[in-house]
Amino acid sequence: MNTFQLDCFIAVADTLNFARAAERLGITQPAVTHQIQTLENELDIKLFARSTRSVKLTPEGVLFLNDAREILTISMRAKRRFKNPDIQNIQKFALGFQNPLYLLPFSDVFSRLKEEFPALHPRFDQGILSYLHQMLEDEMIDGIIGFQEPFSKKYNVPFRELQKVSVLCVCRADHPFADRQFVSLSDLASEKLVLTELPRLPSVIVELQRELLINRDVSDIYISPSHETSLFLTGIGFGISFIPDLGIPPCKNLAYLPLEGWKKLSLGIYYKNRPKSSPIDRFIKIAREIHKTDGNITGGHV
């Protein structure tokens, strides 16, 4: 495996087009095809599903994409290390998450970290929890920002709660609910709903959506692939949606209301190692200070 193969793989993954990838790299299309084929042969997997009409990443290709980017980053840093002595002072801080929205409550934490660690270089990886936990086990990332999930106990790593998060009911600003202080489940009985697909949802919201689906007509339900698209559909007027209260910037045509009587989510960080005064140690301590949480530790061994 070499960096040229990885450059070709990432170019095709970004464009999903061999001709455009070749143009971007300044080489011929057959050269790109050859590099991808040799890489697939070396890894003994198919990275792309190809037809006469389309190019798509295979599941194995999706998993390999973060590895390829990481390898190229390390290679580039190694080449630059001796050209620029200051680069040796870079302090890496890599976090994973299922959804970038999970970072929103921690903007002040990162600002403080930047002051304490002038050479801090944050890096983020997005993926499903099982993949992120494997990255954490392999020490490719320092932690995973997300919600505490019952099934995560099998990974035997600590989880530090950093904030309690409510579930918000989101409706249009001109909806009758908009002037209320909160909404209950019974209020939603006759409303059309925009629900988010399950694989990337916190279990508390999965449970909520299952509750809402009971005795519902399928014509009253719209399924969305993400929180962002759920909010988009709600803004258009398709129905009411549900999101964790993560401090999402307000939208003038939407109203955000607490869902009465529903359990809160535990937002925090999974981590494997936490050296004293390291970026992840300071991240946890600053977050606990800002959000005034007792930071309960569960799972694994500390």
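First, the housekeeping. This is a predicted model, where local features need pLDDT of at least 70 and side-chain atom pairs count only at pLDDT 80 or more, while totals for chains, interfaces and linings use all residues. Residues are numbered from 1 along each chain as its sequence is written, and side-chain values use heavy atoms, with hydrogens and water left out.

So, the overall picture. The C-alpha trace spans about 60 × 55 × 35 Å along its principal axes. Of the 302 residues, 45% count as buried. Buried here is under 20% relative accessible area, exposed is over 50%, and partly exposed is in between, using a 1.4 Å probe on protein chains only. If you take contacts between residues at least 6 apart in sequence, 73% of them join residues at least 24 apart. By contact I mean heavy atoms within 4.5 Å.

How do α1 and α3 cross? Helix α1 is residues 3–15, helix α3 is residues 29–43, and their axes come within 9 Å and cross at roughly 110°. That makes α1 roughly perpendicular to α3. On the terms: axes are lines fitted to C-alpha atoms, for helices over the stretch in contact, and angles run from 0 to 180 degrees between N-to-C directions. Under 35 degrees is roughly parallel, over 145 roughly antiparallel, 65 to 115 roughly perpendicular, and the rest oblique. The α1 side of this contact is F4, Q5, L6, C8, F9 and V12, and the α3 side is V32, Q35, I36, T38, L39 and E42. By class that's eight nonpolar, three polar and one charged. Nonpolar covers Ala, Val, Leu, Ile, Met, Phe, Trp, Tyr, Cys and Pro, charged covers Asp, Glu, Lys and Arg, and the others, Gly among them, are polar.

Next, α1 against α2, which is residues 18–25: the angle is about 125° and the axes are 8 Å apart. Those two are therefore oblique to each other. From α1 you get D7, C8, I10, A11, V12, D14 and T15, and from α2 you get F18, R20, A21, R24 and L25. The tally for that contact is seven nonpolar, one polar and four charged.

Then α2 with α3: about 105°, again with axes 8 Å apart. So this pair is roughly perpendicular. F18, A19, A22 and L25 of α2 meet Q29, V32, T33 and I36 of α3. That contact has six nonpolar, two polar and no charged residues.

Let me zoom in on A11, which lies in α1. Is A11 buried or exposed? It's buried, at 0% relative accessible area. Leaving out residues up to four places away in sequence, A11 touches A21, R24 and L25. And A11 to V218, 207 residues apart in sequence, is 41 Å, C-alpha to C-alpha.

On to the cores. In soluble globular proteins, nonpolar side chains tend to be buried together. A nonpolar core here is a set of buried Ala, Val, Leu, Ile, Met, Phe, Trp, Tyr and Cys residues joined through side-chain atoms within 4.5 Å. The largest has 54 residues, and those with the most contacts inside it are F106, V167, L188, F242, I269 and F283. Beyond four places in sequence, F106 touches I145, L162, L267, F283, A287 and H291. Apart from that core lies another, of 20 residues, among them C8, V32, L65 and L72.

Most residues other than glycine have a negative phi. L16, though not a glycine, has a positive phi of about 50°, and L16 sits in the loop between α1 and α2. At 37% relative accessibility, L16 counts as partly exposed. N215 isn't a glycine either, and has a positive phi of about 60°. N215 is in the loop between α7 (203–213) and β9 (221–224), and is exposed at 79% relative accessible area.

Key
Helix = DSSP H or I, 4+ residues; strand = E, 2+ residues; numbered from the N terminus.
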